Amino acid sequence: MKTLEDLKALREKLKSDIKVRQGSSTKIIIGMGTCGIAAGAREVMKAVLDELAVRHLNDVQVQQTGCIGMCEKEVLVDVMRPGEPRITYGKVKPADVKKIIAEHVVNGRVVQELVVGKIEQE
């Protein structure tokens, strides 16, 4: 970083990144316990953030959580759309992220072959 313009550009990018992680109606929650990280959760998180950026989906909140006890199904990714059941995807790889975002987050169609759980929201 050599100029004030570089600093301003970085500030705008970071503001955008923070917006992706906060306040929205749709949530994506990624299991980032040690079991998830060992299974590749960091790479999945990066793929999620990258795909949301490419699609300009600034209204999707991305969160991380610790281990929830399904270590054998890591990497776990939950998608919560307003008024719909919370869907848990298991054994998610970075290559699966585009399909989950395109099908479920954008179009509301659950990717059945990756589902490991479903919780009705109140």
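Which side chains does a polar contact of 2.6 Å join? In this predicted model, local features need pLDDT of at least 70, side-chain atom pairs count only at pLDDT 80 or more, and totals for chains, interfaces and linings use all residues. Residues are numbered from 1 along each chain as its sequence is written, and side-chain values use heavy atoms, with hydrogens and water left out.

The 2.6 Å polar contact lies between the side chains of His104 and Tyr89; such a contact is a pair of N or O atoms within 3.5 Å, where, within protein, one must be able to donate a hydrogen and the other to accept it, and residues adjacent in sequence count only if both atoms are side-chain atoms. Tyr89 belongs to strand S4 (residues 86–89), and His104 to helix H4 (residues 94–106). Helices (H or I, at least four residues) and strands (E, at least two) are DSSP runs numbered from the N terminus.

Tyr89 is classed as buried because its relative accessibility is 0%, and His104 is likewise buried, at 1%. Buried denotes under 20% relative accessible area, exposed over 50%, and partly exposed the range in between (1.4 Å probe, protein chains only). The side chain of Tyr89 also reaches the backbone nitrogen of Val111, at 3.1 Å.

Beyond four places in sequence, the contacts of Tyr89 (heavy atoms within 4.5 Å) include Val75, Ile100 and Leu114. Elsewhere, Leu10 lies in helix H1 (residues 4–21) and counts as partly exposed because its relative accessibility is 34%.
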